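Please read them with the structure open.

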Amino acid sequence: MTETISPTSPAQLREAIAWAVADKVPLEIIGQGSKRAYGHDVSASHVLDMSKLTGILFYQPEELVISAHAGTPLAEIAAVLAENNQQFHFEPGDFPSLLGDGVASRSGTLGGLVACNLSGPRRLKVGAARDHVLGFGAISGRGEDFKSGGRVMKNVTGFDLSKLMAGSFGTLAVMHTITLKAMPQPETTRTVIIACDDVSSAGQAMTAAMGSENEVSGAAWVPASLIAGCCKDAAALEIATSAQNCLALRLEGPEQSVSWRADALSRLLGTIGDHAIVPVADSLTLWQAIADVTPFQGRDGILWRISVPPASGAAVVGAIRAPAGLGQLDVMLDWAGGLVWAQCAQCDASMAVHIREIVQKAHGNATLVRAPSNIRREIPAFQPLSPEIMRINQKISENFDPVGILNPGRMIPAHQGEGA
Amino acid sequence: MLKMPEPDSSVLARRKEIIAAMRAIVPASGAVIAEEDALRPYECDGLMAYRQLPMIVVLPGTTGQVAAILKYCHENKIRVVPRGAGTGLSGGALPMADAITISMMKFNRVLDIDWDNRACVVQPGVTNLGITRAVEHRGFYYAPDPSSQIACSIGGNIAENSGGVHSLKYGLTTNNVLGLEMVTIEGDILRLGGKGLDTPGYDLMGIITGSEGLLGIVTEITVRILRKPETARAMLLGFPDNQSGGDCVAKIIANGIIPGGLEMMDAPAIRATEDFVHAGYPLDVESLLLVELDGPAIEVDHLINRVGDIAQTCGAVYSRISESEEERALFWSGRKNAFPAIGRISPDYICMDGTIPRGRLSDVLAGMQVFSQRHGLRVANVFHAGDGNLHPLIMFDANQPGELERAEAFGADILKLCVEVGGCLSGEHGIGIEKRDLMPEMFTEDDLKHQERLKLAFDEDQLLNPGKVFPVLHGCGELKTLHARAVAAKFPDIPRF
């Protein structure tokens, strides 16, 4: 039977991990468990539950900095930031709903957010969680408490271990305290919606938008049904009924500037198809839905998250669609084409290899986000690493977690190991 | 005096053999430097108080040559000091008597400009400004802009995670790099990241950036280029004291405005720069803010007004807004020439680089005045106010016995104070040798050991840039030993279910 350990302080966390090191007990580390199905299953006799190690330690809006224990619910942090018209700029979506594992009502913890290095549509302009972590404290897989970074914006005092923690899925150390950069919410926002069924034209339009002076902070190609579901604006609704897919281009900033840029962008791209400028309320709803990947939530299909150079996104979609066998393939593009969400009805190991070959040729990588457990056992969740990079990854892991007790197999299952 | 690792006499004894091996790898004429006169220009970097002739300097021209050199060094246990343009201020490229200095300055080409992906692929010896020069004809630029940007190399920027005056809004080097090609000490060539945004595995690109040449040698860099803002305007705001200048910075940000640039200068810095470049700075204020707003003209005009209003409420006694590009450049010329301006009024100066929580600015400036009295040396301050990065310039005369030591002690006092108020030792210049021995002020033994364990994963024999960043290098055995304690009772106090 699985035993759950729930430390309530960094000292208790250290005790727990020191014990696990000494007794060589593998631990599955969870916060609210909201992203437990992301990556591979961890087989561990003990669960290290971080959801009781909570609390905002300090928040100084005028310094743009917030520090909290890793188990603090994101919802709580978001609410506190919003009181001061601030936010995490990297706009993490509601990933749990995507995984459809029954914890959709929980938006996760700060620690989980950073450990998975999540980010949303604004990533293309401001980066991911990794770009906003200022410092952290953690217990490594050696049972030792250590810190890196700090609470200031600029810091080259020693190696930037915050980058190492972001996206390490709890395999090197368990963070107990994290300090992040908060940013002001934009004064207002608008979105230019353009009817566009052809994925290549959509790709070119997003490239043109990003290369313009209009400081686009979100560029996506989405199913028209999403527009219909999120917008009340009459012109937008009309566009949504006339097309299968639409471009959405977001502008943020002071009122005068946003409206000026929305006009400029409409003039630049208006020849592609019918277009409308949707107001702030619709805009906020729409981009939240894009961040949450709403079109693919709560469905059974196999879901891929593909990161490629933005200008290659449309071509990658075309190449993946080409062969028969994948069945119905539903697609959404974010990051001006740099992020492809692709949902297929069926997928086996050979199709996964096919998708990954296409993506690799485009200098990108594909993550299997959601699939039935038999497929998840068969297919690596993350694009396999080159042998040289794999070797460095393993050495880092051996140095931080020499006994292999922290989320073993979460990123790379033992049987898929080297050269997978 | 800083203690550097003892030269390895067995390596020195093999010098001729090593030179021959290097010439075999890099046959180009002049690419292996072994004569004392020709080695002299490499004896220091921008931290000129410390000098040491390298054993040899090698200037490879290809990634393959870098890999062959490092493989040879790894097999023969020879230390390596990577070097870019040599403009670093923390001594990160200080040579060692028994080490090969690898200069990357032959890697000076822009390889690819990918407008559609808004990315530029360059070799590490390209200057920071060189990237902007290569893309500006189509209205693009590379955002990080350290003040040495005309000379410093992008490879060196990676090593030190350089910032500049626009980093609050546009990020540091680490936020603007998309991909790296690097060579490990074992001679493996790694390609990290690329023109896409997310990569699987640990974020090796993130940890290489700012690693001060301790983890590998970068041979190719892909950076993000941005469309130049349509317009930019600068304003000068003068205050009767540092407190109100600092308050104004806090209020601008608390009002949700993130200016492109937000710089502050204290009275000594204002006077020195005004005497030097005649930028029209007011001489009767104690604190001067230089605020730059960029974006569409309509947005910039709007924000200029808002910042002006905020400044009024904070007690500004002087306000001027640039009305032309020439005037904007003039406003900046003072700030950008602050270092040479101090050089004019003092035979020597050292530039510190601590970062503090902005709210503690006036405390820290007051503390500096106390230190100034104690050490009998003058100090002027320029400050990246937006992100809390201080550059105190400590003035001294190296020809006066003991003054360098006093200046260094003064600098150490400032940095200790920065750490005490919640800041850090270096915002953008790096630790190098300069701040190496202060690392324990900020980090515990376990903190430092975990950093060194990362080093171990890349360079177990500790051949890359030894003597830099870490005050004491722990042995490999000590770092690997697991101090697992036997736990008597299984943590009885922790809630379990």
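**Notes on the predicted model**

1. Start with one residue pair in chain B. B:Val81 has B:Thr101 as its bridge partner in S4(B). The model is predicted, and the points below should be read with that in mind. The pair belongs to two strands that run parallel, S3(B) and strand S4 (residues 99-103) of chain B, joined by five bridges.

2. Strand S7 (residues 133-140) of chain A and S8(A) are joined by five bridges. In S8(A), A:Phe146 is the bridge partner of A:Ala138. The two strands form a hairpin, with four residues between them. In the turn, A:Gly143 has a positive phi of about 75°.

3. Now the interface. The contact between the chains takes 85 residues from chain A and 86 residues from chain B. On the chain A side, the elements that give two or more residues include strand S1 (3-5), helix H1 (10-23) and strand S8 (145-149) of chain A. Helix H7 (199-210) and helix H10 (255-269) of chain A are also among them. The most comes from H15(A), with eight residues. By class, the chain A side has 33 nonpolar, 30 polar and 22 charged residues.

4. Which residues touch the most other members of the largest nonpolar core? They are A:Val174, A:Ile227, A:Cys246 and B:Ile394, in a core of 284 residues. H1(A) gives the most to this core, with seven residues. Leaving out residues up to four places away in sequence, A:Ile227 touches A:Ile193, A:Val222, A:Ala236, A:Ile239, A:Ala240, A:Cys246 and A:Leu286.

5. On domains in chain A, the assignment gives domain 1 (3-184), domain 2 (188-291) and domain 3 (294-378). The C-alpha centres of domain 1 and domain 2 of chain A lie 33 Å apart. Seven residues of domain 1 of chain A are in contact with seven residues of domain 2 of chain A. The domain 1 side of that contact has two nonpolar, two polar and three charged residues.

6. Chain B is assigned domain 1 (9-103), domain 2 (110-227), domain 3 (231-339) and domain 4 (346-434). The C-alpha centres of domain 3 and domain 4 of chain B are separated by 22 Å. Their contact takes 18 residues from domain 3 of chain B and 15 residues from domain 4 of chain B. Helix H10 (242-254), strand S13 (261-266), helix H11 (267-277) and helix H14 (338-345) of chain B each supply at least two residues of the domain 3 side. That side divides into 12 nonpolar, three polar and three charged residues.

Technical notes:
Residues are numbered from 1 along each chain as its sequence is written. Chains are lettered from A and ligands numbered from 1 in the order in which they are written. This is a predicted model: local features need pLDDT of at least 70, side-chain atom pairs count only at pLDDT 80 or more; totals for chains, interfaces and linings use all residues. Domain bounds come from an automatic or database domain assignment. Two residues are in contact if their C-beta atoms, placed from the backbone, lie within 7 Å. Ala, Val, Leu, Ile, Met, Phe, Trp, Tyr, Cys and Pro count as nonpolar, Asp, Glu, Lys and Arg as charged, and the others, Gly among them, as polar. Two strands pair if DSSP finds at least two bridges between them. A nonpolar core is a set of buried Ala, Val, Leu, Ile, Met, Phe, Trp, Tyr and Cys residues joined through C-beta atoms within 7 Å. A residue is buried if 20 or more other C-beta atoms lie within 10 Å of its own, exposed if 12 or fewer, and partly exposed in between; C-beta atoms are placed from the backbone.
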